[in-house]
Amino acid sequence: MTHQFPVPVGDAVLNFPALRPAGHGPFPAILLLPAIAGVNDYVLRTAARLADRGYLTVVVDYYAREGAAPDISTPEKIGAAVAALDDRVVLADIGAALAALRADPTVIADRIATFGFCIGGMYAYLAGCDPAGLAAAVDYYGAIAYAATGPTKPVSPLDRADDL
């Protein structure tokens, strides 16, 4: 059953969907990072399968502040949505979710991983480059290089490879 996992971020609290395994724990945990479409039925089914295998799974909702995912009905709109997603904000949210998981007594603090699809895979990789440390980072078909950097994409993922 999906419940909300509260993640303090600055003065706000973001509520990310989460699924807990059966039992009392402690459990290893996964931060599940969706594609640009955000949280959807496929992502929640994937989270449920991971929970069924014993992982407390928290789905990072890139659009929790806005309330809904953007329109991605055309290739141009997908490109615009990717460009608008600020890497620094998403990585800060991932870091805050990691801290919240580590503070949760039902989580094994040194057995937390990221697992992401598409842009979420790239964020899983970038989170793995952070010195805060994860047990694992799984990048499932995420980009490893940007054609160009800019305000919302300040560092190409490939430039962080030495930090992995």
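Isoleucine 78 touches Ile36 and Ile72, leaving aside residues up to four places away in sequence; contact here means heavy atoms within 4.5 Å. The model is a predicted one, so to speak of local features takes a pLDDT of at least 70 and side-chain atom pairs count only at pLDDT 80 or more, while totals for chains, interfaces and linings use all residues. Residues are numbered from 1 along each chain as its sequence is written, and side-chain values use heavy atoms, with hydrogens and water left out.

Back to isoleucine 78: this residue sits in helix H2 (residues 75-84). Helices (H or I, at least four residues) and strands (E, at least two) are DSSP runs, numbered from the N terminus. Isoleucine 78 is partly exposed, at 33% relative accessible area; buried means under 20%, exposed over 50% and partly exposed in between, with a 1.4 Å probe and protein chains only. Between the C-alpha atoms of isoleucine 78 and isoleucine 36 there are 7.6 Å, although 42 residues separate the two along the chain.

Next, the sheet. Six strands make up an open, mixed sheet in the order S1-S2-S4-S3-S5-S6, where strands pair if DSSP finds at least two bridges between them. S1 and strand S6 (136-140) are the edge strands with a single partner each, so one side of each has no neighbour in the sheet. From one strand to the next, the twist averages 30 degrees. S5 and S6 run parallel and are joined by five bridges; threonine 114 has alanine 137 in S6 as its bridge partner. Helix H1 (residues 41-52) lies across S2, S3, S4 and S5, at about 160 degrees to S4. Axes are lines fitted to C-alpha atoms, for helices over the stretch in contact, and angles run from 0 to 180 degrees between N-to-C directions.

The largest nonpolar core has 36 residues, and Leu31, Val58, Tyr62, Leu85, Ile94, Leu101 and Tyr123 touch the most other members. Such a core is a set of buried Ala, Val, Leu, Ile, Met, Phe, Trp, Tyr and Cys residues joined through side-chain atoms within 4.5 Å. Apart from this core lies another, of nine residues, including Ile30 and Val43.

As for aromatics, the whole structure holds six pairs. Phenylalanine 115 and phenylalanine 117 form a tilted one, 5.0 Å centre to centre with 45 degrees between the planes. Rings of Phe, Tyr and Trp (its six-membered ring) pair if their centres lie within 6.5 Å; planes under 30 degrees apart count as stacked, over 60 as edge-to-face and the rest as tilted.
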